[in-house]
Amino acid sequence: MEYSDKLDGMPHLSLENYFHEYLRIMKFELQYSSYTLQAYRGDFEEFLSFCRKKNITRIGDLNRSRLREWQHELRARALKSVSISRKLSALRSFFGTAFENGWTATDLGKFFTSPKKEKKLPKFLFESELVKILGEPLSDEFWDLRDYLILEFLYCTGLRVGELASLTLQHFGAGFEAIRVKGKGQKERNVFLTRGCIANLRRYLEQRAQIVDKKNDFCFISKRKQALSIRGIQFIVGNYLDKVGLHKKISPHVLRHSFATHLINAGADIRAVQELLGHASLATTQIYTHISKGKMRDVVKNCHPRG
């Protein structure tokens, strides 16, 4: 699916053309990230494939029955509720814009029903595990330092992997203590580095300057001397624990969860944690209080004589 120039005569377009136009709006007017655009494009392609099977070619052919049929098909594929919710969210967003622009007489997104959320606590590492990971002596080799700093950054700041991948030297404040990042919905926030992380960052940047062209402003680079991709960061994090003899499978998001969980456990104000994570809603942050309670319950169960 490719982006088109802005289109005229919208009422006469095919359903696929409407999706083209909405992706154009997302990219050029709303300035969504390439990662979000890719995800929405995939969801739209899935829905269009369903429509082709049902001989639906026009937006006016869609109704409550057809949309409920699509939702039923998603459930029949045994997708997790979070995946179904994301796909429905993409279509709700599209149909909301379609209604606002007069492409449809009603907001068709209202015909979707949200699946019940699975109450699943996010994975995180214990403090003792992070001490072992970050307590390993640093190698003098530049790429080992880069890998270590990525883990330290994710744990010390709670950044999302996409935010880390897009980090440039321009994001750092004086003294490197604060970083101004742009998260979901283009919302900006400050995150902060520890003294140890700052020292390692300075060391990393000194070596980086010797091997990378000054025009390359991205903080974390690949061995090809280009910006390190999200997939590259995920690969590094996923394989790092094997290097230190801690054989667990983790992702960058696990380190973000660990950051939040350990702050809450240490008594940090939940609203401060919300701001550091860039959560729009306090309810999203409150899941970490459940993790904390769960940990305390495990302590009683495992350590109390009557546990």
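Phe112 is buried, with a relative accessible area of 5%, where buried means under 20% relative accessible area, exposed over 50% and partly exposed in between (1.4 Å probe, protein chains only). This is a predicted model, in which local features need pLDDT of at least 70 and side-chain atom pairs count only at pLDDT 80 or more, while totals for chains, interfaces and linings use all residues. Residues are numbered from 1 along each chain as its sequence is written, and side-chain values use heavy atoms, with hydrogens and water left out.

The structure holds 23 aromatic pairs, a pair being rings of Phe, Tyr or Trp (its six-membered ring) with centres within 6.5 Å, called stacked if the planes are under 30 degrees apart, edge-to-face if over 60 and tilted otherwise. One of them joins Phe95 and Phe112, whose ring centres are 6.4 Å apart with planes at 40°, so the pair is tilted. Because Phe95 lies in helix α4 (residues 81-100) and Phe112 in the loop between α4 and α5 (127-134), the pair ties together parts that are 17 residues apart in sequence; helices here are DSSP runs (H or I, at least four residues), numbered from the N terminus. Phe95 is also buried, at a relative accessible area of 0%.

The rings of Phe124 and Phe126 have centres 5.5 Å apart and planes at 65°, so this pair is edge-to-face. Phe124 counts as buried at 18% relative accessibility, whereas Phe126 is partly exposed at 37%.

As for confidence, the chain averages a pLDDT (the predictor's confidence in each residue, from 0 to 100) of 87, and 89% of the residues score at least 70.

Note on methods
Helix = DSSP H or I, 4+ residues; strand = E, 2+ residues; numbered from the N terminus.
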